[in-house]
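Open the structure in your viewer and keep the selection tool at hand. This short tour moves from stop to stop.

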Amino acid sequence: MTQLNYNHLRYFWEVAKEGNLTKTATRLAVSQSALSTQIRALEERLGHHLFERVGRKLRLTEAGGMTFDHANAIFAIGEDLLATLHSESGQRRQLRVGALATLSRNFQIDFLRPCLGRPDLEIVLTSGSLPELEGLLRQLDLDVVLCNEPPQGAQGLVTHRLAQQTISLFAAPSLDYLVTSALEALDGKDVILPTRASSIRNHFDGLCQRLGVEPVIVAEVDDMAMIRLMAREAIGVAPLPPIVVRDELEAGMLQEILPLPSIAESFFALTVERQFPNSVVNELISESRWLKW
């Protein structure tokens, strides 16, 4: 049986990513006719058409989509192999980290701190939504993903719980909060909250229901950094993990009003089983579990 020609597969993969034969040919410095010939040869070998033309663009057929998925995996493993062998030969390598866009910057920098400034390492940090980052991780385009919630349907992923922090209420000193209970701190008081997509918000709402309190919501924000900044503006009290406001606490711009022991925030690192794992990731995960956040 004739083996698959991986040069043909590479050309197909490049065209599939671009969606345009002419642009791909220009980028690869080959003629359009040569590129078409390579793709036709692959189609003949596979026994299926891989593209259909829609206007000026090429769209993958069902067989083309399956071939593209396999090509992604094949070439990702190749890049992974090169990165690993380069690192073993003393060449500078990359650590590719994905982080949830709303994740605490302090948590991210604490996780990365053990490898900051290493002469043999370049850190590439990508932010995005959890589904986006999970997809990049599965394609081996990321080495690790940092998040504060385990993914849904995490089949094939390895979830490492790094830390958990009790949520506290924080406010600017000018608000002069002097309370001894959550009831005093929340009933009728102005609060800055995460959106309902956040686990903190869900637990906070549950706490308010149990206590029978009705706070006044002055802002709902999906970004922890923005909640922190709003709290500094003294518009209300905010439930946050202490790591998020560590700098403000040290500078006296915010103060802890009251811990909420029934609410906690967890921090996770996600990895995927790999033939050539990035050894730096395992080092960072091991060290992070010893940190006091």
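Bear in mind that the model is predicted.

Now step back into the helix itself. Select residues 6-18 to show α1, which has 13 residues. From first C-alpha to last, α1 reaches 18 Å, close to the 18 Å expected at 1.5 Å a residue.

Go to the N-terminal end of α1 and show Asn5, which caps it. A side-chain oxygen of Asn5 lies 2.9 Å from the backbone nitrogen of Asn7. Draw that distance in the viewer.

Next, colour the buried residues of α1. They are His8, Leu9, Phe12, Trp13, Glu14, Val15 and Ala16. Note that Glu14 and His8 are on this list along with Leu9 and Phe12.

Ala29 sits in the loop between α2 (21-28) and α3 (32-46). Check its backbone: phi of Ala29 is near 60°, a positive value in a residue other than glycine. Is Ala29 buried or exposed? Ala29 is exposed because its relative accessible area is 69%, and the cut-off for exposed is over 50%.

The last stop is Asp176. Look for Asp176 in the loop between β6 (157-171) and α7 (182-186). Here too phi is positive in a residue other than glycine: for Asp176 the value is near 55°. Asp176 has 54% relative accessibility, so this residue counts as exposed.

Note on methods. Residues numbered from 1 in each chain as written. Predicted model: local features only at pLDDT ≥ 70, side-chain atom pairs only at ≥ 80, totals over all residues. Heavy atoms only, no water. Helix = DSSP H or I, 4+ residues; strand = E, 2+ residues; numbered from the N terminus. Buried < 20%, exposed > 50% of the residue type's maximum accessible area, 1.4 Å probe, protein only. Expected span 1.5 Å × (residues − 1). Polar contact = N/O pair within 3.5 Å; in protein donor to acceptor, adjacent residues only side chain to side chain.
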